[in-house]
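I opened my notebook for some friendly browsing today. Here is what I looked up, entry by entry.

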Amino acid sequence: MGVGASKGRVRALIAATPAEAAEQARAILGQRARRGRRTASHDATVLVLENNGEALRRIDPDEVLLDGGRIAEAPENGVYVTAWYDNNEADAYARQDRCPACGQAQGIRFLGAGVAPLASVVVTQLFTGGELPKSDEKGRDRRRTLIFNDSVQDAAHRAGFVASRAWKFSLRSLIHEQLHWRSENDPAYGKEGVPLNELIASLVSRAAVPGESLLASVVPPDLHDLDQVKRLLDGKKRVPGSTWNLVGERLAFNTLMEFGLHSRLGRTLELTRTVAAEVHLPDPKRAAKAAEALHDKLLDDHLRQQLPLERPEDGAAGEQADNNDDAVGSPHPLPPAGPERLRRFEGFVRGLLEHVRQSGGIHHSWLNSFIDDEGRNRYLISFRRPEGMPAFGRNSEAPAFMLVGARTGRTDFERVDTRESWYVDFAHRCLGLDPAVASTYLAQLMPLLAGEDIGALAHRPTGDAKQGTNRDHGVYGLTPGHVRVRPLADEQTAHAALTCPECGWTQTVPPERVPAWQGLPCPLKRCGGALTVPSAAADGRAARDYRQNYYRRLYRESGPYSVVAAEHTGVLTRKEREEVEKGFRQGVRHTDPNVLSCTPTLELGIDIGQLEAVILASLPPSTAGYVQRVGRAGRSTGNALMVSLADTSPRALYHLAEPRHLIAGPILPPGCFLSAGELLRRQFTAHLIDLAARGRLEGVPPLPDRVTALFGRAGWLTVLGKNTTGRMDLVKDFLQLFPEIEGVPNSGVSRDARRALRRYAEGELANSLREAENAWEAERAELVDRRAMINEAVDALQESLEDEAREKRNLAREAVGVSKRLQEMGQAGAQGFLVECGLLPNYSLVEDGVRLEAMLTSKEPVRQNRNSAEDAPQTRWRTEPRVYERPAESALTELAPGNAVFPSGKRAVLVRLHLRPPVYGGVV
């Protein structure tokens with residue numbers, strides 16, 4: 001449902017169950033009875049989507065709650081749906097793609113295949129499927145390919161996307177390799193699973209083996225920009241131990257994410273049934289008995305106090321008192337005393353622990369400050385995160401630990417004492433506890449699970465617990481040693497899964513653990529279903545034969561592989577482009593790219609070495625362009641693999657339906673319209689510069705190298721204008737270079753074009769030269785004024801106030817970036833400046849348009865030496881100015897506020913536009 005242009009105003013509608021509708025109806029009746037206003041809630045709202053699909057309305061309790069305690073399976077007109085509607089965080093949850101059914105951030109997935117994911121799949125198959133030769137005669141990796149795109153924007157985005165996706169797949173292959181090796185060589189690990197801390201140690205040792213070239217496979221692309229990591233990947237000597245520690249910590253962190261927060265996102269090792277992970281319970285029976293004893297004790301205490309709560313001894317668990325309008329009876333009554341009852345408590349404890357794991361509640365040293373702060377300050381894991389740690393922004397899900405007895409206030413952790421808590425909902429559905437009682441029960445159960453007798457959780461005192469009071473309060477979570485992982489053989493895949501027929505939830509568990517989970521209420525929040533072993537006739541992914549799953553085979557058979565993707569576009573400087581081309585040809589260093597995401601500028605004229613495959617991520621408009629692109633591969637052997645990907649544009653769909661029109665269509669020879677006035681002007685100026693360089697233009701020296709030598713009373717532009725204005729002989733000599741071809745009408749320069757060029761030489765050229773100089777001076781003055789304004793704002797801020805001190809540091813870094821931009825302007829080349837302002841031909845074929853000036857700020861470690869003081873800062877901020885130019889037509893959509901652009905692989909979100917007079921004929 002869309003209610004605005006912003007993503008924050010879009011609502012995802014998820015089908016709701018009749019039980020959820022009944023709960024909402026009872027809440028409405030309770031609100032009416034209390035005659036109060038609708039209170040703020042953090043839960044999703046159950047609504048009715050009418051049959052026409054165009055209208056939403058609130059549910060009417062009378063149409064949901066029928067006579068005799070019955071619940072209507074569907075409303076009179078429409079279906080039940082849940083959406084973020086009444087809660088205060090609705091817009092923020094929409095931006096986070098948070099599912100209204102289970103509350104998980106990034107939990108909404110839209111089916112479809114874009115060009116970037118398809119290109120990533122093709123690259124993965126090429127590098128792992130044997131389509132490309134692995135090495136040349138010198139033993140160097142020969143697996144390389146090009147990805148052609150139509151725009152700079154697409155090329156930059158797809159380079160980052162392909163590298164990120166391939167790195168994740170390679171890391172999973174390495175994890176499975178080490179799991180298999182540890183399980184084969186240690187029978188105890190093969191039976192109980194490998195602890196995550198042991199697995200991480202194996203991964204680090206394996207990646208550090210010299211000569212294996214595995215570093216680029218396990219070091220994520222975002223670390224490649226760090227100087228110390230670059231030195232490590234380039235094979236430099238004397239790499240400090242801190243660099244290895246950084247790489248090891250990041251490898252450990254990503255492994256924890258794979259089996260924690262990200263374990264259910266995408267094609268993970270668990271969801272592909274490649275491995276099974278679980279929180280280890282040393283003594284499951286003891287844990288179950290402790291949970292049962294606490295449950296019975298709590299109910300006995302309530303009965304003594306004559307509270308309106310029935311003890312669930314005979315299958316009537318979950319029935320609530322008549323005066324409790326908000327509670328709903330559990331659809332899974334607690335079994336009476338016996339083995340089944342104890343099995344329910346064991347499953348309940350395992351469900352709690354698994355939710356902590358899947359919420360990312362696994363300790364890592366990088367999360368220490370976030371844990372000590374009880375998850376209240378996202379800034380600690382975003383802008384102030386430790387060096388090398390990935391950022392958790394406002395619209396992404398952060399690791400969530402469990403909070404017991406913490407003070408009120410907003411937090412990213414999950415409390416056990418709130419009605420909206422997953423833990424309270426799960427305790428209600430498993431044990432039939434009233435939500436208020438469930439929070440008390442959970443608060444007392446967590447210390448038992450963290451005690452030495454059970455040892456299933458770790459506890460860190462926070463808040464008042466640090467002062468010695470309420471010692472059981474604080475943060476509860478897991479350590480890497482609590483989590484055990486084991487590989488699954490082909491014959492185990494069909495016996496290592498459980499699913500909920502009601503909502504489709506599927507989870508992978510060790511085969512011997514299936515009996516403990518079977519029949520347990522579904523882990524999805526508010527779902528009324530129960531976990532079962534999927535039958536062969538089940539729908540969805542539950543009953544698939546995972547033995548032949550593509551990604552499972554990839555993780556098990558391909559082994560680690562390295563994909564280093566780089567963009568090759570006109571946005572890069574000449575030095576940067578040459579560096580990328582050299583690395584692509586040689587492929588010696590870990591950081592040398594083997595996948596180039598490029599624009600049509602790479603179709604011809606650049607040597608990029610031998611290729612066996614080319615990917616077209618966009619179909620060219622003509623047969624000539626198609627032949628140029630695919631002709632990049634197969635030059636040595638005559639054999640090549642071409643993969644063409646079509647988007648949803650009408651032109652691409654037409655070529656997809658009629659491929660011969662593109663592959664075997666006519667190739668028209670290139671032509672040139674000599675009478676184009678703008679081209680003649682620029683070519684005439686280039687002709688004058690050529691004469692000056694040859695010493696044939698009296699009084700005019702050759703074009704200088706630096707742009708600053710062009711300006712001033714004695715500047716080169718002034719000298720050129722004085723010595724060429726009114727020189728019709730120069731025009732005549734220039735036009736004689738374009739004679740008419742005999743027998744070809746209109747083949748020369750037309751009369752109108754000749755007259756226009758003469759007017760240009762008489763005085764317009766000198767005016768254009770002065771305008772170019774004035775534009776350069778105006779831009780420089782604007783930057784100087786901007787720096788002065790920033791410095792003035794910095795002086796007005798106070799260091800004593802935390803918010804102002806932070807803003808002061810940000811502004812100071814921006815001032816440094818502006819100074820660097822001024823320095824770049826002064827050191828720019830003269831020829832490039834004349835091209836930008838339209839005085840010389842632009843052979844890059846990029847028209848004047850819109851310029852984006854971005855300041856990229858990043859934190860980097862300070863290189864230490866023997867003379868460095870002990871209290872010297874360990875990190876520093878680096879500000880790098882970037883200029884990103886786009887044609888006017890493309891900029892209308894690409895540079896609109898709210899969009900993201902990717903200058904040199906960095907994602908920049910445009911907040912607003914600042915319009916000022918054109919510079920060099922464009923718009924800034």
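I began with Leu445: leaving aside neighbours within four places in sequence, I found Leu445 in contact with Ala291, Leu294, Phe348 and Leu352. Contact here means heavy atoms within 4.5 Å.

A note to myself: this is a predicted model, where local features need pLDDT of at least 70 and side-chain atom pairs count only at pLDDT 80 or more, while totals for chains, interfaces and linings use all residues. Residues are numbered from 1 along each chain as its sequence is written, and side-chain values use heavy atoms, with hydrogens and water left out.

Next I looked up the cores. A nonpolar core is a set of buried Ala, Val, Leu, Ile, Met, Phe, Trp, Tyr and Cys residues joined through side-chain atoms within 4.5 Å; buried means under 20% relative accessible area with a 1.4 Å probe, protein chains only. The largest one has 121 residues, and Leu445 is among those with the most contacts inside it, as are Phe348 and Leu352. Helix H5 (residues 152-185) gives this core its largest share, eight residues. I also found a second, separate core of 42 residues, which includes Val749 and Cys837.

Of the 18 residues in H10, 13 are buried.

My last stop was Val48, which sits in strand S2 (residues 45-49). Is Val48 buried or exposed? Val48 is buried, because its relative accessible area is 0%.

Key:
Helix = DSSP H or I, 4+ residues; strand = E, 2+ residues; numbered from the N terminus. Buried < 20%, exposed > 50% of the residue type's maximum accessible area, 1.4 Å probe, protein only.
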